[in-house]
Amino acid sequence: QVQLVESGGGLVQAGGSLRLSCAASGSIFSIADMGWYRQAPGKQRELVAGITRGGSTNYADVVKGRFTISRENGKNTVYLQMNNLKPEDTAVYYCNLAYGRSTRYSYWGQGTQVTVSS
């Protein structure tokens with residue numbers, strides 16, 4: 001069983017920065033793909049950024065150039081550096097871990113609130 005614990009959310013003014021962290025339990029982190037998703041009130045959960053076990057990254061168009069995802073396998077942790085935050089970035093941010101080829105296993109964290117004031 002994998003547990004994911006997010007931290008780093010909070011209230012910030014527009015233009016500010018936050019860094020989210022997600023620590024994973026267990027021993028599969030280094031072979032897993034990791035992602036950050038977010039869900040705003042009344043909206044569907046959406047992918048913000050992903051990083052494969054090999055280090056390849058992808059971003060939603062709306063965050064490109066502002067957000068950076070990274071991972072530290074020695075600490076079983078994935079990060080999301082968020083710069084130049086906008087009010088529309090306000091959401092609950094969730095960490096996701098996924099691994100497996102023929103059968104895909106997926107785990108979610110409990111979420112952390114990010115609120116950007118204008």
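The legends below describe close-up views of strands and hairpins in a predicted model.

Local features need pLDDT of at least 70 and side-chain atom pairs count only at pLDDT 80 or more, while totals for chains, interfaces and linings use all residues. Residues are numbered from 1 along each chain as its sequence is written, and side-chain values use heavy atoms, with hydrogens and water left out.

**View A. The hairpin of strand 4 and strand 5.** Strands (E, at least two residues) are DSSP runs, numbered from the N terminus. Strand 4 covers residues 33–39 and strand 5 residues 46–51; the two run antiparallel and are joined by five bridges. Tyrosine 37 is placed opposite leucine 47 of strand 5. Six residues lie between the strands, and glycine 42 in the turn has a positive phi of about 80 degrees.

**View B. The hairpin of strand 5 and strand 6.** Strand 6 (residues 57–59) runs antiparallel to strand 5, with three bridges between them. Here glycine 50 faces asparagine 58 in strand 6. The turn has five residues between the strands, and its glycine 55 shows a positive phi of about 100 degrees.

**View D. Strand 3 beside strand 8.** Six bridges connect strand 3 (residues 18–24) with strand 8 (residues 77–82) in an antiparallel arrangement. Serine 21 stands opposite tyrosine 79 of strand 8.

Definitions and conventions
Two strands pair if DSSP finds at least two bridges between them. Helices (H or I, at least four residues) and strands (E, at least two) are DSSP runs, numbered from the N terminus.
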